[in-house]
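Subject: Structure handover

Hello,

Here is the structure for you to take over. Please open it first, then read the notes below.

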Amino acid sequence: MVRLSIEENIYNLLPSEEKPPANSPRYISVFQPSVKREIQERKTHPCKTMGIPKLQVPAPWDFLRKHSKEPKLPKRKRDPRATKSPELSVPKRTHHPVMGVQSQKNYVTTNIAEAIVAVAKKPTRACVDGRKGDKFLVENSGLVKKYLKKKDFGVTPGYIKKRSQEAQRAQAEREAYLAEETLGGRGLTRLSREERETVLEGLKANWEELNREYQSLSVVVDTVPRKLHKEELEVQMKQLEHDIGALEKHPVIYVANK
């Protein structure tokens with residue numbers, strides 16, 4: 001007990017001051033001597049930065065010429081096996097042309113006949129698009145609808161007449177079939193031209209009325225009833241547009257009887 005009381009001390013309960021860690025050694029570049037030497041050389045010999053002092057100067061006549069850097073083809077080598085020289089297009093010295101030959105053709109009469117028979121040349125279609133007279137050709141510019149002017153040279157008048165007769169026969173058979181279906185109890189009735197025009201005018205009037213009501217809606221549609229009413233008007237207008245398009249596209253209308 002005496003020994004334990006001697007070892008205990010109140011100062012031992014205080015936190016001991018820790019020593020700061022030792023700093024790491026300072027970084028020193030391995031290129032430091034060479035950098036110092038280079039800086040010292042630049043200070044003492046500043047002219048060395050302009051290049052090598054003992055440089056061979058080119059001659060005044062050895063300057064850069066035009067197209068000197070372009071690649072050049074090698075010169076054509078003559079085949080040693082070819083002994084015969086190429087024939088020239090000019091006549092030889094020993095050639096004697098035939099003399100005294102005269103033509104009996106009357107060029108004046110021939111030219112007059114060709115001018116009368118020749119077809120007149122059509123002027124080139126062009127469009128001027130500038131005040132200085134700049135123009136471009138219209139034929140291949142895309143402004144001419146060539147597909148409307150195509151002619152089928154293989155079609156003969158007899159073929160056209162035959163096709164028209166076949167179309168008339170098919171139309172007659174269709175009308176007979178529809179009439180038979182109507183008389184057979186299917187309940188198909190063909191609308192007359194006046195009835196078709198009346199129905200078309202009524203559909204257009206209904207569309208105008210719906211469109212007027214649609215345009216009078218408020219700009220802000222924030223409630224559910226307003227949204228439903230707007231959607232209903234759009235559906236009705238779309239259906240009327242479809243019916244009007246169908247009546248205008250088909251001249252013959254058949255209606256099923258109830």
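A few terms come first. A residue is called buried under 20% relative accessible area, exposed over 50%, and partly exposed in between, with a 1.4 Å probe and protein chains only. Accessible areas come from the Shrake-Rupley method with a 1.4 Å probe, and for residues only the protein chains shown count as cover.

The model is predicted: local features need pLDDT of at least 70, side-chain atom pairs count only at pLDDT 80 or more, and totals for chains, interfaces and linings use all residues. Residues are numbered from 1 along each chain as its sequence is written, and side-chain values use heavy atoms, with hydrogens and water left out.

Overall layout

The chain has 6 helices and 4 strands. Both are DSSP runs, numbered from the N terminus: helices are H or I with at least four residues, strands are E with at least two. Along the sequence the order is α-α-α-β-β-α-β-α-α-β. The chain has 258 residues, and 6% of them count as buried. Its accessible surface is about 26,500 Å². Carbon and sulfur atoms hold 57% of that surface.

Contact here means heavy atoms within 4.5 Å. Take the contacts between residues at least 6 apart in sequence: 49% of them join residues at least 24 apart.

The nonpolar core

In soluble globular proteins, nonpolar side chains tend to be buried together. A nonpolar core is a set of buried Ala, Val, Leu, Ile, Met, Phe, Trp, Tyr and Cys residues joined through side-chain atoms within 4.5 Å. The largest one has 9 residues: Leu-200, Leu-203, Leu-210, Leu-233, Met-237, Leu-240, Ile-244, Leu-247 and Ile-253. Helices α5 and α6 each supply at least two residues of this core. The largest share comes from α6, with 5 residues. Setting aside residues up to four places away in sequence, Leu-210 touches Leu-233, Gln-236, Met-237 and Leu-240.

Salt bridges

Side chains of opposite charge can pair when their charged atoms come close. A salt bridge is a side-chain nitrogen of Lys or Arg within 4 Å of a carboxyl oxygen of Asp or Glu. By this rule there are 4 salt bridges.

- Glu-248 and Lys-204 pair at 3.4 Å, N to O. Glu-248 is in helix α6 (residues 224-249) and Lys-204 in helix α5 (residues 193-215), so the pair ties together parts 44 residues apart in sequence. Glu-248 is partly exposed at 45% relative accessible area. Lys-204 is partly exposed as well, at 38%.
- Arg-226 and Asp-222 also pair, at 3.5 Å from N to O. Arg-226 is partly exposed, with a relative accessible area of 43%. Asp-222 is exposed, at 53%.
- Glu-197 pairs with Arg-196, and their closest N and O atoms are 3.5 Å apart. Glu-197 is partly exposed at 32% relative accessibility.

Arg-196

Is Arg-196 buried or exposed? Arg-196 is buried, with a relative accessible area of 13%. Its place is in helix α5. A polar atom of the Arg-196 side chain lies 2.5 Å from the backbone oxygen of Leu-247. Leaving out neighbours within four places in sequence, Arg-196 is in contact with Leu-247, Glu-248, His-250, Pro-251 and Ile-253.

Surface and loops

Patches are made of residues with over 30% relative accessible area and no salt bridge; like charges are joined within 9 Å, and nonpolar side chains (Val, Leu, Ile, Met, Phe, Trp, Tyr) within 5 Å. Ile-10, Tyr-11, Leu-13 and Leu-14 form a nonpolar patch on the surface. Together they have about 540 Å² of accessible area. Tyr-11 sits in the loop between α1 (2-7) and α2 (32-44). Tyr-11 is exposed, at 61% relative accessible area.

One backbone detail concerns His-67. This residue is not a glycine, yet His-67 has a positive phi of about 60 degrees. His-67 lies in the loop between α2 and α3 (107-117). At 46% relative accessibility, His-67 is partly exposed.

Over to you.

Note on methods
A polar contact is a pair of N or O atoms within 3.5 Å; within protein, one must be able to donate a hydrogen and the other to accept it, and residues adjacent in sequence count only if both atoms are side-chain atoms.
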